[in-house]
Amino acid sequence: MADTPLMTEHEEGLQHQFADMQQQLNATSLGMWLFLATEIMFFGGMFLAYLVYRYWYYPEFAAASRSIDIYLGTINTAVLICSSLTVVLSIQAIKLGKRKLCVMMLLVTILFGLAFLGIKGKEWYDKFEEHHVPGTSFNAKDIIEKYPQLHVEPAPMQIFFSLYFAMTGLHALHMVIGVGIMSYLAFYTWRGHYTQQYHNPVEIGGLYWHFVDIVWIYLFPLLYLIDRKPLR
Amino acid sequence: MATTAVTAEREHYLNTDYGIRSWLLTTDHKRIALLYLALITVFFFIGGFFALLIRLELLTPAGDLVQADTYNKLFSMHGQVMIFFFLIPSIPAVLGNFLVPMMVGAKDLAFPRINLLSWYLLVLAAGMMLYCIITGGVDTGWTFYTPFSTAFSNTHVIEAGLAIFIAGFSSILTGLNFVVTIHRMRAPGLTWSRLPLFIWSIYATSIIQLLGTPVLAITLLLVVFERAFGLGIFDPTRGGDPLLFQHLFWFYSHPAVYIMILPSMGVISEIIPCFSRKRVFGYGAVALSSIAIAVFGFLVWAHHMFVAGISLYSAMIFSMLSYSVAVPSAIKVFNWTATMYKGSLRFSTPMLYAMGFIGLFTMGGLTGLFLAALGIDVHVTDTYFVVAHFHYIMVGGAVMGYLGGLHFWWPKISGRLYPEWLGKFAALTVFLGFNLTFFPQFILGYLGMPRRYWQYPPEFQVLNVLSTAGSTILAVGYVLPMIYFLWSMRYGKVADPNPWGAAGLEWKTPSPPPTFNFDEAPEVTWEAYNYDEIPAPEEVPVG
């Protein structure tokens with residue numbers, strides 16, 4: 001019956017369907033890991049397309065890759081690596097019971113995330129200005145004229161930029177969701193929901209953040225660093 | 001009706017709370033299962049309506065009921081509705097939702113709120129699909145092949161693509177919930193080797209849902225981007241490759257067939273031991289064959305592309321890999337047959353569906369081997385042979401299992417018995433109607449009638465008339481259970497906790513079960529399907 005052994009309110013944060021805290025911890029961690037596996041398959045489709053087309057159209061991919069801003073990309077990579085550090089620090093802080101430090105670190109993570117999105121937005125804006133967005137107004141004449149020795153065709157460069165916008169766009173969407181999760185965690189940590197004893201959601205949210213970082217760690221070399229050596 | 005008073009006193013998941021809010025905001029897996037049941041039943045009849053229109057058009061050789069453009073939309077929406085809004089959610093989201101926590105002895109799924117969320121995602125997707133249907137539909141086939149879907153079709157491809165994208169996330173979250181529940185929430189003593197085979201097949205299904213569906217999601221999203229924002233990933237005029245789309249699409253959509261059939265196999269593995277009063281023959285082999293089907297299923301997708309221009313060598317490899325699926329499938333069929341051998345069989349309604357399943361699935365599977373063979377496949381590609389083959393698997397297999405499972409667990413779900421003679425009559429009607437509908441299509445396809453055309457040469461008319469006649473009988477067989485299930489909820493005889501004398505934890509709790517499934521937390525000390533220890537009921541109660 002509904003009132004017998006099910007309401008274990010004394011154990012903070014334990015949901016009714018679990019027998020004890022350990023089971024809840026194991027279940028939620030496994031849930032997030034499985035979700036990340038689905039995310040790998042989700043991005044995997046685009047990575048496969050990238051692999052095929054880069055093999056077919058290597059010169060065009062290399063030339064188009066030169067046109068995206070390596071400095072902004074590198075800064076963004078550094079920003080995300082730092083944000084991974086602050087996420088780890090926030091988890092460590094709550095484990096040690098330092099609630100305020102945890103909130104601080106989550107807020108810094110949010111700032112890093114927003115900085116990343118801002119810089120990314122600037123890069124996209126530049127691409128719009130340069131008419132490098134695939135579609136009817138696509139124009140890659142500047143790239144072709146800049147690197148005449150590469151002998152590249154404009155059409156496959158559209159494929160590179162299609163992948164560029166799809167991959168960085170969906171990554172940015174994940175960043176936006178990540179910032180949302182971090183804000184939720186920061187708010188409820190500040191309100192005292194999460195403690196030294198019960199901080200599982202912070203760890204799981206951190207797992208998601210790390211995943212989004214790792215995707216970028218792959219996207220950065222694949223999109224920015226195809227062939228950057230100086231041309232003779 | 002004398003026992004109704006007793007039932008009314010006992011609190012269970014159906015009478016614990018009333019009102020629309022208690023259903024729309026529930027996190028009880030059993031109530032969510034019924035929400036799914038309502039939603040997908042609506043879409044089953046929408047998809048069936050399209051099917052009947054298709055069959056009516058094909059009654060005569062001339063294109064007289066509808067014109068080509070409308071016909072294209074009819075078969076496209078029939079496919080999309082039936083696959084993504086009925087077959088994929090059918091057994092996992094309805095029976096799986098209801099049974100998985102009970103079969104593993106848990107109070108609920110691991111993530112009850114995510115479970116509710118996945119229902120709402122399907123509602124959202126279903127709403128978008130309805131919008132797409134009402135505003136004019138989509139004509140790409142259920143396969144969305146590029147560049148037709150991206151550059152040429154003037155129909156609602158974006159809406160349909162996004163609807164299926166969202167439905168996919170519903171399916172992913174359901175699968176995730178099941179995997180976590182099966183791994184982490186089993187009752188004490190319930191080891192992997194004691195799990196019901198239904199759980200094994202739902203586990204294998206969930207793995208496919210987790211690893212396959214995201215690939216379909218990104219593929220359809222890229223199609224949507226291509227239409228909406230002018231990206232060119234599959235656009236041949238810019239160097240993109242439509243074949244890449246087909247690879248990505250079938251990487252999900254072939255395993256998706258196993259999302260439909262594996263849960264049915266799980267249902268059959270529950271029904272047959274119960275009505276044979278025997279432990280299932282070769283438990284380990286049947287359990288592992290589910291996993292094997294899930295694994296092999298990911299390695300055979302390109303057999304949908306034998307004539308699409310892939311290299312001969314890769315076609316040969318995919319042809320051989322496709323044969324490998326036959327091995328675990330045959331293991332199951334032989335083990336079910338061996339379970340029935342010298343069993344004390346009782347031909348109740350669920351058993352009729354189970355036996356129908358074995359026959360129809362075997363035919364569907366064997367004709368699958370024809371299609372896996374390169375030479376024959378080239379001959380019958382895009383003919384009615386293919387249509388008949390996959391309907392034997394998806395309708396003859398998956399839907400028979402779904403209906404069999406609904407009948408088997410209906411006393412547990414509703415606490416009532418359905419009228420047995422009507423159940424048997426409907427089961428036979430479905431079996432006969434199905435064969436009359438689809439067997440002629442094997443012959444039509446072998447004779448060369450191509451699929452997806454609204455008219456055909458007059459010499460094919462006799463077989464098409466037979467098929468259309470069968471489809472009306474099939475429709476009767478599908479409408480009947482809906483009517484008597486609804487009737488039985490109010491007027492059916494009250495069911496015992498275990499009317500069939502079945503093994504399994506779900507039968508050890510009252511019918512309908514209490515909100516948290518068990519009055520006291522179960523502990524398992526017995527092997528699965530211990531029918532030698534369970535007395536057979538004197539006679540199976542007849543509703």
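Student: Where is Pro147(B) placed?

Tutor: Pro147(B) sits in the loop between α6 (112–134) and α7 (148–152) of chain B. Helices here are DSSP runs of H or I, at least four residues long, numbered from the N terminus, while strands are runs of E of at least two.

Student: And what kind of peptide bond joins Thr146(B) and Pro147(B)?

Tutor: A cis one, with omega about -5 degrees. Another cis bond runs from Ser511(B) to Pro512(B), with omega near -15 degrees. Pro512(B) belongs to the segment after α18 (461–491) of chain B.

Student: What ground rules apply to the model?

Tutor: It is a predicted model: local features need pLDDT of at least 70, side-chain atom pairs count only at pLDDT 80 or more, and totals for chains, interfaces and linings use all residues. Residues are numbered from 1 along each chain as its sequence is written, with chains lettered from A and ligands numbered from 1 in the order in which they are written.

Student: What about Tyr529(B), what is its phi near?

Tutor: Near 55 degrees, again positive in a residue other than glycine. Tyr529(B) is in the segment after α18 of chain B. With 25 other C-beta atoms within 10 Å, Tyr529(B) is buried.

Student: Switching to the chains. How many residues does the contact take from chain B and from chain A?

Tutor: Chain B gives 38 residues and chain A gives 33. Contact means that the C-beta atoms of two residues, placed from the backbone, lie within 7 Å.

Student: Which elements give two or more residues on the chain B side?

Tutor: α8 (157–184), α9 (197–229) and α10 (242–276) of chain B. The largest share of that side, ten residues, is from α9(B).

Student: How many nonpolar residues on that side?

Tutor: 24 nonpolar, with seven polar and seven charged. Nonpolar covers Ala, Val, Leu, Ile, Met, Phe, Trp, Tyr, Cys and Pro; charged covers Asp, Glu, Lys and Arg; the others, Gly among them, are polar.

Student: Helix packing next. At what angle do α5(B) and α9(B) pack?

Tutor: About 125 degrees, with their axes 11 Å apart. That makes α5(B) oblique to α9(B). Axes are lines fitted to C-alpha atoms, for helices over the stretch in contact, and angles run from 0 to 180 degrees between N-to-C directions. Under 35 degrees is roughly parallel, over 145 roughly antiparallel, 65 to 115 roughly perpendicular, and the rest oblique.

Student: Which residues make that contact?

Tutor: From α5(B), Pro92(B), Gly96(B), Leu99(B), Val100(B) and Met103(B); from α9(B), Phe198(B), Ile199(B), Ile202(B) and Thr205(B). By class, the contact of α5(B) with α9(B) has seven nonpolar, two polar and no charged residues.

Student: How do α3(B) and α5(B) pack?

Tutor: Helix α3 (residues 29–57) and helix α5 (residues 90–103) of chain B pack at about 165 degrees, axes 8 Å apart. That makes the pair roughly antiparallel. Among the residues in this contact are Tyr36(B) of α3(B) and Phe98(B) of α5(B).

Student: Last topic, the core. Which residues touch the most other members?

Tutor: Leu163(A), Met129(B), Ala163(B) and Ile199(B), out of 236 residues in the largest nonpolar core. Such a core is a set of buried Ala, Val, Leu, Ile, Met, Phe, Trp, Tyr and Cys residues joined through C-beta atoms within 7 Å.

Student: What is Met129(B) in contact with?

Tutor: Leaving aside neighbours within four places in sequence, Met129(B) contacts Val81(B), Phe85(B), Ala160(B) and Ala163(B).

How values were computed:
Buried ≥ 20, exposed ≤ 12 C-beta atoms within 10 Å, placed from the backbone.
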